[in-house]
Amino acid sequence: MKRPFEEIVAEHGPTVLRVCRAVLARPDADDAWSETFLAALRAYPDLADNANIEAWLVTIAHRKAIDLLRAESRRAAPVAVAGTRLAVGGWEPSDGDLWAALGALPTKQRQAVAYHHVAGLPYAEVAALVGGSTDAARRAAHDGIRALRRRYLNSATVPPQKES
Amino acid sequence: MINSSDPVLAAINTDDAEAMARLHDQLAVAAEVDRLLDVAYRTVDSPLGTLLLAATDQGLVRVAYDREDHDQVLQALCNQISPRILRAPRRLDQVARQFAEYFAGERRDFVLPLDFRLAHGFRRAVLGHLGLINYGHTETYAEVAAATGRARAVRAVGTACATNPLPVVVPCHRVLRSDGKLGGYIGGLEAKAALLSLESGGTIDRNILSR
């Protein structure tokens, strides 16, 4: 039995927003969220009742994020490759900013961190989304987290931790 | 995968409630523009408790009292109409305004597009007749049965009233038993009495349902 889409937004919206923000710089991340949920609303009546809704949403968000990355690399100067998104679209990295630290990671590491550590997808599903092997996905997430620790925690401003 | 012992993971997994609220509202607007909003809903405070109002693109389709359990009502709308349901107050601005005016005693008739798709057959015919009973007036279940051409269907009229998807707007509260007793009401008998009192020039005690 399907639930009202409002419940889907309430339950999964925050996670998908964190995924989008881990993969993309703002405001692109918020645009990706909006496009993801509008596409999901369109397709929702035809979704299988037993589908894993969060994995479905993350898959849509992944495609929307890639579209936005491509659109941006077309707009940006030729030197800006898709793997690095430093200081594009008015977004300024700064020391101690987690999002800046994320923005400095290669795209694949950001995706692996987002899909595994934020969305909770197993590495096999992360690999299916980003391409490559399960091991490569695990390595990318691991390398990403290690780089984040180095860049983010070495700065003095660690925000209060969130209880899970 | 939230691991609160790891400050990096904890930071990545911190929610942004303010952004969520903004993005939700933008989604509701975009869904309306793209004609993907099959059911919009909102709630309004009233002297009879929180009312759920839901509308399709055809009009107001459901009014529900608290005691019906709004989550269950939304699930029923999901099953009967479409799962494309969002809390989207804009479509219901005019409805909410008319409810406020009605409960303030400043409005006698609701002037709204109504969607009767949740009522069928004889029940639909009964609801059609209820719309003809004026503010401050009442009829008996038997009179309504006679007016809809099935004088013996008194119990069926009672069922039609009890399952009215649009209470208050379609005034099933104006139907009483032949012996003058209230009969039943989807919002509870206190609510029915309160509406009749309001329509006879009184006001509604805000605490009427708080027992």
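The contact between the chains takes 33 residues from chain B and 37 residues from chain A, two residues being in contact if their C-beta atoms, placed from the backbone, lie within 7 Å. On chain B, the side that touches chain A receives at least two residues from each of α1 (7-12), α2 (17-33), α3 (70-80) and β4 (85-87). Of these elements, α2(B) gives the most, with eight residues. By residue class, the side of chain B that touches chain A comprises 20 nonpolar, eight polar and five charged residues; here Ala, Val, Leu, Ile, Met, Phe, Trp, Tyr, Cys and Pro count as nonpolar, Asp, Glu, Lys and Arg as charged, and the others, Gly among them, as polar. The model is predicted: local features need pLDDT of at least 70 and side-chain atom pairs count only at pLDDT 80 or more, whereas totals for chains, interfaces and linings use all residues. Residues are numbered from 1 along each chain as its sequence is written, and chains are lettered from A and ligands numbered from 1 in the order in which they are written.

Chain A contains seven helices and zero strands, whereas chain B contains eight helices and six strands. Helices (H or I, at least four residues) and strands (E, at least two) are DSSP runs, numbered from the N terminus. The order of elements in chain B, from the N terminus on, is α-α-β-β-β-α-β-α-α-β-α-α-β-α. Buried residues make up 41% of the 164 residues in chain A and 37% of the 211 residues in chain B. A residue is buried if 20 or more other C-beta atoms lie within 10 Å of its own, exposed if 12 or fewer, and partly exposed in between, with C-beta atoms placed from the backbone. Among contacts with a separation of 6 or more, residues 24 or more positions apart account for 65% in chain A and for 58% in chain B. The C-alpha trace of chain B spans about 70 × 35 × 30 Å along its principal axes.

Chain B is divided into domain 1 (1-33) and domain 2 (121-199), with bounds that come from an automatic or database domain assignment. The C-alpha centres of these two domains lie 46 Å apart.

The largest nonpolar core has 104 residues, and those with the most contacts inside it are A:V19, A:C20 and B:L53. Such a core is a set of buried Ala, Val, Leu, Ile, Met, Phe, Trp, Tyr and Cys residues joined through C-beta atoms within 7 Å. Helix α1 (residues 5-23) of chain A gives the most to this core, with nine residues. Domain 1 and domain 2 of chain B both give residues to the core, so the core lies between them. With residues up to four places away in sequence not counted, A:C20 touches A:A29, A:A32, A:W33, A:A61 and A:A65.

Strand β2 (residues 49-55) of chain B is mostly covered, with five of its seven residues buried. Two strands pair if DSSP finds at least two bridges between them. On this criterion, strand β1 (residues 39-46) of chain B pairs with β2(B) in the antiparallel sense over seven bridges, and B:V44 has B:L51 in β2(B) as its bridge partner. A hairpin through two residues joins β1(B) to β2(B). Strand β3 (residues 60-64) of chain B also pairs with β2(B) in the antiparallel sense, over four bridges; the partner of B:A54 in β3(B) is B:R62. The hairpin formed by β2(B) and β3(B) has four residues between the strands, and B:G59 in the turn has a positive phi of about 155°.

Within strand β2 of chain B is found B:L52. This residue counts as buried because B:L52 has 20 C-beta neighbours inside 10 Å. Residues up to four places away in sequence aside, B:L52 touches B:Y41, B:T43, B:A64, B:H70 and B:V73. B:L52 and B:T148 are 96 residues apart in sequence and, C-alpha to C-alpha, 29 Å apart in space.

In helix α8 (residues 189-199) of chain B, the residues B:A191, B:K192, B:A194, B:L195 and B:L198 are buried. These residues cover an arc of only 165° around the axis, which puts them on the same side of α8(B); the arc is that of the directions from the helix axis to the C-beta atoms. An α-helix has 3.6 residues a turn, so residues three or four places apart point the same way. After α8(B) comes B:G201, whose phi is positive, near 100°.
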